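Here's a quick tour of a protein model, written for someone who likes to know the cut-offs behind the words. Have the viewer open as you read.

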Amino acid sequence: MAALPGALKEEEAIKEKDELREAQVEVARERQLRSIELKMPSASCNILLDDIEDIVSQEDSKPQDRHFARKHIVPKVRKRNTQKHLQEERPPSDSTIPGIQKIWIRTWGCSHNNSDGEYMAGQLAAYGYKITENASDADLWLLNSCTVKNPAEDHFRNSIKKAQEENKKIVLAGCVPQAQPRQDYLKGLSVVGVQQIDRVVEVVEETMKGHSVRLLGQKKGNGKRLGGARLDLPKIRKNPLIEIISINTGCLNSCTYCKTKHARGSLASYPVDELVDRARQSFQEGVCEIWLTSEDTGAYGRDIGTSLPTLLWQLVEVIPEGAMLRLGMTNPPYILEHLEEMAKILSHPRVYAFLHVPVQSASDAVLADMRREYCVADFRRVVDFLREKVPGITVATDIICGFPGETDQDFQETVKLVEEYKFPSLFINQFYPRPGTPAAKMEQVPAQVKKQRTKDLSRVFHSYSPYADKIGERQQVLVTEESFDSKFYVAHNRFYEQEFRNRLGRHLHCLPHASAAAREDLAPNRRLLPKDCVLRVSAGLALFALLFAFLVKVYN
């Protein structure tokens with residue numbers, strides 16, 4: 001069937017319109033694509049622009065428009081919370097950042113223990129901790145214990161309990177935890193051993209974090225046990241004029257009553273050169289008096305092939321004029337073979353004519369039960385020889401009252417020895433059985449008898465006046481400390497004797513207390529001088545030193 005002419009024209013017109021619409025759409029698409037290419041040129045763009053401004057469209061703001069709009073912009077200031085910022089800079093009170101806490105240190109016992117305490121204080125202070133004298137203000141208590149007698153350990157135990165009640169961090173040191181670390185009241189507490197004091201900072205740091213640390217090992221070098229921590233560690237001296245040097249640790253004895261041997265062990269000596277270097281360094285730091293200490297100074301060097309006189313002669317060479325050396329306790333067996341040399345050393349003008357030689361008992365039977373390895377005749381020989389060769393020498397001694405098996409006859413022999421020698425310095429100790437020692441298993445003397453014998457011997461001691469013949473003498477002394485009330489200075493003469501002198505000029509001679517508490521102060525007598533007198537003397541010495549230095553400079 002043939003199509004009508006009018007219908008054909010209408011179809012052609014529609015087809016043309018469709019083709020025109022498609023052509024328009026294609027042109028529009030090309031324009032759109034070209035516009036995108038112009039606005040976002042890329043490295044692969046083939047279109048060359050005559051000017052950078054050609055990429056800016058009509059709708060974009062002109063530079064002058066943006067500059068004009070800047071005048072109407074108001075900056076918004078962010079307020080700073082100053083108080084919050086300050087709080088964030090300060091560590092919280094319970095912070096575990098190491099080196100910012102306060103530490104209180106308490107030490108009991110002998111001069112060796114006191115030296116250990118000074119070393120630990122020095123290291124903690126050098127690390128940044130503050131050493132405080134106020135226990136309640138401290139974050140941590142460092143308790144440095146003594147195991148010689150029951151009362152000392154009782155004080156130590158009570159201090160632990162008090163620290164726990166006050167929620168203080170606790171670190172234990174000294175001979176008690178070293179000898180018996182498994183005691184119930186020590187459980188869960190940090191411990192730094194007697195030969196590990198150079199690591200006290202580590203123990204304190206971990207304890208502040210809430211951890212429990214125990215370092216109880218022994219120092220060894222080349223397969224041999226060492227004397228302990230290094231001698232050149234930082235130190236805070238209780239008395240800045242006195243340096244305490246432990247020349248060895250432990251001993252060669254096995255006394256049946258001694259608990260210290262369980263903690264300090266057998267003899268281990270420091271080399272001579274290290275001790276001399278320490279003494280020289282101390283004098284350079286302003287020290288004017290050195291104490292040599294250990295559990296038995298007479299045994300020094302036997303483990304390293306040297307001897308006490310060898311050490312002392314080298315130390316004497318580095319002692320400056322005006323300074324003094326004091327020798328610590330020595331047992332009779334090890335001083336006997338060096339009597340001649342010791343007499344010469346104790347006669348040196350820069351060495352105190354003073355020696356502490358414990359006898360413990362004047363009964364050979366009791367000494368045998370104690371395993372002291374000497375008899376009363378040996379002790380007498382030491383004292384007699386030194387008194388003959390070193391006129392005026394002060395010999396201090398110790399006596400134990402009520403040792404297991406001591407009879408009335410044994411005790412009377414001890415009384416006779418004291419009456420005969422009239423020791424100017426006597427330390428009387430009531431026997432206390434220490435756990436774990438052989439003496440604790442022996443048959444004990446009744447407590448009342450021990451107390452009575454202690455009183456009787458104290459009465460004998462106070463019955464004589466060893467310094468009566470020295471009243472009115474003028475002697476050269478070395479001032480090293482103040483009295484407890486800070487009104488007087490404390491001085492010693494060449495025999496390590498002291499006396500009281502009040503502001504009115506009256507001499508108050510005072511014998512040392514005859515109890516065990518006096519062990520920490522080996523001062524037989526006290527010489528206390530008014531401060532104004534000492535200041536005048538000090539000023540005169542200073543002027544003399546300046547004049548001497550000037551003359552040396554002129555003549556050189």
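Predicted model: local features only at pLDDT ≥ 70, side-chain atom pairs only at ≥ 80, totals over all residues.

Residues are numbered from 1 along each chain as its sequence is written, and side-chain values use heavy atoms, with hydrogens and water left out.

**The sheet and its helices**

- Six strands make an open sheet in the order E2-E1-E3-E4-E5-E6, with parallel pairing. Helices (H or I, at least four residues) and strands (E, at least two) are DSSP runs numbered from the N terminus, and two strands pair if DSSP finds at least two bridges between them.
- Strand E2 (130-131) and strand E6 (214-215) are the edges: each has a single partner strand, so one side of each has no neighbour in the sheet.
- Strand E1 (residues 102-107) pairs with E2 in the parallel sense over two bridges, and Ile 103 has Ile 131 in E2 as its bridge partner.
- Helix H4 (residues 111-127) packs on the sheet and touches E1, E2, strand E3 (140-145), E4 and strand E5 (190-192), with its direction at about 155 degrees to that of E3. Axes here are lines fitted to C-alpha atoms, for helices over the stretch in contact, and angles run from 0 to 180 degrees between N-to-C directions.
- Helix H5 (residues 150-165) lies across E3 and E4, and runs at about 170 degrees to E3.

- Leu 172 sits in strand E4 (residues 169-174) and is buried at 0% relative accessibility. Buried means under 20% relative accessible area, exposed over 50% and partly exposed in between, using a 1.4 Å probe and protein chains only.
- Leaving aside neighbours within four places in sequence, Leu 172 has contacts that include Leu 143, Phe 156, Ile 160, Leu 186 and Val 192; contact means heavy atoms within 4.5 Å.
- Thr 260 lies in helix H8 (residues 260-264) and counts as buried at 13% relative accessibility. Not counting residues up to four places away in sequence, Thr 260 touches Thr 147, Val 148, Cys 175, Gly 265 and Glu 295.

**Aromatic rings**

- The whole structure has eleven aromatic pairs. Rings of Phe, Tyr and Trp (its six-membered ring) pair if their centres lie within 6.5 Å; planes under 30 degrees apart count as stacked, over 60 as edge-to-face and the rest as tilted.
- One of the pairs is Phe 379 with Phe 423, tilted, at 6.0 Å centre to centre and 55 degrees between the planes. Phe 379 is in helix H14 (residues 376-389) and Phe 423 is in the loop between helix H15 (408-421) and strand E16 (425-430), 44 residues apart. Phe 379 is buried at 0%, and Phe 423 is buried at 0% too.
- Phe 403 and Phe 431 are edge-to-face because their planes are at 70 degrees, with ring centres 5.3 Å apart. Phe 403 lies in the loop between strand E15 (394-401) and H15, and Phe 431 in the loop between E16 and helix H16 (447-461), so the pair ties together parts 28 residues apart in sequence. Phe 403 is buried at 0%, and Phe 431 at 3%.
- Trp 108, Phe 156 and Tyr 185 form one aromatic cluster.
- Arg 157 lies over the face of Tyr 185, 4.7 Å from the ring centre, and the charged end of Arg 326 sits over the ring of Trp 291, 4.0 Å from its centre. The test is NZ of Lys or CZ of Arg within 6 Å of the ring centre and within 35 degrees of the ring normal.

**Salt bridges**

- The search finds 26 salt bridges in the whole structure, each a side-chain nitrogen of Lys or Arg within 4 Å of a carboxyl oxygen of Asp or Glu.
- Lys 219 and Asp 198 meet at 2.9 Å, N to O. Lys 219 is buried at 17%, whereas Asp 198 is partly exposed at 24%.
- Arg 459 and Asp 456 have their closest N and O atoms 3.0 Å apart, and both lie in helix H16, three residues apart, about one turn.
- Glu 118, Lys 235, Arg 237, Glu 243, Arg 278 and Glu 285 are linked in a network of salt bridges.
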